[in-house]
Amino acid sequence: MLAVVLPLATLSEGVELLMPIVLGLIIDHGVLAGDLRLTVLGALGLIVLRLIGVALWAYTFIQSQKACMFERHRLRVGLTGAVLDPRSRQVRRPAGEVLSIATSDADKASDVLDMLPWVVPSLLTVLAASAYLAVADLWLGLTMLLGIVVMVVVIRVITPTLSARYDDQQSQAAEAAATATDLVHGLRVLQGLGVQSRARASYRRRSQTALRAALVNARYSGISSGLTTLVTGTMLAAVVVLAALRTLDGALSLGVLIAVVGVARYVMGMLQGLSGAPVWWASMSTSARRVRDLYSDLGRTVDDPELGLGILTTLRDDRGEGRGAAEGRREGAGGLHLPKLSVADGEIVALACADAEDADVVIDAVSGQIDAGARVGEQPITPAARLTLRSDLLVEPHVVDLFDGTLREQLATRAPVGSGHDSGDCADSDDDSWADHALHAAGAEDLLRILPDGYDTRILDRGANLSGGQRQRIALARAVAADAPVLVLHDPTTAVDAVTEQNIAEALVAARRRTDRATLLVTRAPALLQAADRVVFMRGGEVLSEGVHTDLMGDEEYWEVVRR
């Protein structure tokens, strides 16, 4: 875009600069010389120049705005894709800050494509105007150049301060947004503790800090604009006064005087616009730096080909296509294999870890957070390859994430398209039997009686309108509905009572007991350990014993870990 627009925009500004110069020539050689033909032709020429200038301006404006909007969209989508991509590094930033960068900062950084198409042509035409004035009269040209030099010095001095102020303002605004996000997500907990007033006070302090930063920034921006306007106005006034004196002395003709005044008026407009460039540049460069730093923290780059619009707008999750597509569900993947633990197809294995760190390491290994030699069948699970394994492997973490949407939409998040369970129903059919099957396996059928609109009940973001046990059971039902060839569950029943846990254990095992399905339960819940085909007991990264739950209960160390 810039390769086409910059030359055309420069030509458009050049046409605008020619208008007063041509007018001065018409006055000298047409009006004052009494040449009617030249005067009329000159007037027609001015009209043609104006039409050409307007057409060029309209075209370059439209193209630059389209590019700016496209770049905003590209940055927003690319950042969102980078954050959601499981191959990206995890970032320890508040969600509100990430959201602020992916929206506000991405928008401001993209404004550079709106700024360049007028800043570059403006600078070139201002220099061309200075050259014209120098040709008309050396002192006029020197006065103009002196004013430009002074303005450049002023801009050079104030720009670093403005960048620092904008950086502080954006940081404070991001922290305020992060605080607001955290408060909204923790609203039920805050209400339960009765500390809403303290939460409001905390956000108020953050917001006031952001407000003070914005006011300081606005003050510095005003000072910057005032200084540059003062320099510009003084310089142009000096040019006009000097041109008038030279005309009275007879050194300049009347037409040249009119041309000089017109050029000075044109340059005044250009310099007033350019005087705001430091403020805009400080804002854009600060936002661009924040966008770049977030990409860097994620281990990605702004031009990562896998985050391009062409990829992200066509990429979709493989929820059943490919192997086994004719039957509507995926075939077995060959089981799950770790250096010290294997789960074959058709097997349900429970892993009881004496140390929570061991469970976390196993979850990180099977989810591809680290490369620990884990495999799905013959496919290695690595940070780079885990995206391609999502259709064969589902790891449901202990921390539950639910999204805004109906209960039916929650359960259908990963449910195979066109696949069915025993009854042959599918996630995109009008029959909800597939969802009934998933809720039953998670011991959550009672939700259809509790929730006012059944499957059409809207679940708020992060399940804010549900209890902890309800959120956990819906997440478990969602995992069962996915019907993944390999399913790993990490403590899926910690928020339910013992009776519900027993019902879940029986129904879950029944739902997953298929010859082409492998299931790993990382848990110390007795009901799940009892229902598993075998239990692996681990401490310090080493397997201490293996067998069925009832046999292992004779081991005092195992009994101490799993008893309640």
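**Reading charge pairs and surface patches**

Modeller: Let me open with a pair: Arg246 and Asp137 form a salt bridge, with 2.9 Å between the closest N and O atoms. Arg246 sits in helix H7 and Asp137 in the loop between helix H4 (112–136) and helix H5 (138–185), so this pair links distant parts of the chain, 109 residues apart. Please keep in mind that this is a predicted model, where local features need pLDDT of at least 70, side-chain atom pairs count only at pLDDT 80 or more, and totals for chains, interfaces and linings use all residues. Residues are numbered from 1 along each chain as its sequence is written, and side-chain values use heavy atoms, leaving out hydrogens and water.

Colleague: What is a salt bridge here, and how many salt bridges does the count come to?

Modeller: In general, side chains of opposite charge can pair when their charged atoms come close. The rule here asks for a side-chain nitrogen of Lys or Arg within 4 Å of a carboxyl oxygen of Asp or Glu. By this rule the count comes to 26 salt bridges.

Colleague: And the helix labels, how should I read those?

Modeller: Helices (H or I, at least four residues) and strands (E, at least two) are DSSP runs, numbered from the N terminus.

Colleague: Is Asp137 buried or exposed?

Modeller: Buried means under 20% relative accessible area, exposed over 50%, and partly exposed in between (1.4 Å probe, protein chains only). Asp137 counts as buried because its relative accessibility is 6%, while Arg246, at 27%, is partly exposed.

Colleague: Which residue forms a salt bridge with Arg93?

Modeller: Arg93 pairs with Asp297, the closest N and O atoms being 2.6 Å apart. This pair also links distant parts of the chain: Arg93 is in the loop between helix H2 (36–84) and H3, Asp297 is in helix H9 (residues 277–297), and they are 204 residues apart. Arg93 is partly exposed, with a relative accessible area of 22%, and Asp297 is partly exposed at 32%.

Colleague: Where do Asp446 and Arg473 lie?

Modeller: Their closest N and O atoms are 2.8 Å apart in a salt bridge. Asp446 lies in the loop between helix H13 (433–441) and helix H14 (447–450), and Arg473 in helix H15 (residues 468–482), so the pair ties together parts that are 27 residues apart in sequence. Arg473 is buried, with a relative accessible area of 10%.

Colleague: Which residues are linked in a network of salt bridges?

Modeller: That network links Asp85, Arg300, Asp304 and Glu306.

Colleague: How do I read a patch?

Modeller: Patches are made of residues with over 30% relative accessible area and no salt bridge; like charges are joined within 9 Å, and nonpolar side chains (Val, Leu, Ile, Met, Phe, Trp, Tyr) within 5 Å. Areas come from the Shrake-Rupley method with a 1.4 Å probe, and for residues only the protein chains shown count as cover. Leu36, Val40, Leu41, Leu44, Ile47 and Leu51 form a nonpolar patch on the surface, with about 600 Å² of accessible area together. One of them, Leu41, lies in helix H2 and is partly exposed at 45%.

Colleague: Which residues gather in a patch of positive charge?

Modeller: Lys and Arg count as positive and Asp and Glu as negative, with His and the chain ends not counted; the place of a charge is NZ of Lys, CZ of Arg, CG of Asp or CD of Glu. Arg198, Arg200, Arg204 and Arg205 gather in that surface patch. Arg204 is in helix H7 (residues 196–248) and is partly exposed at 43%.
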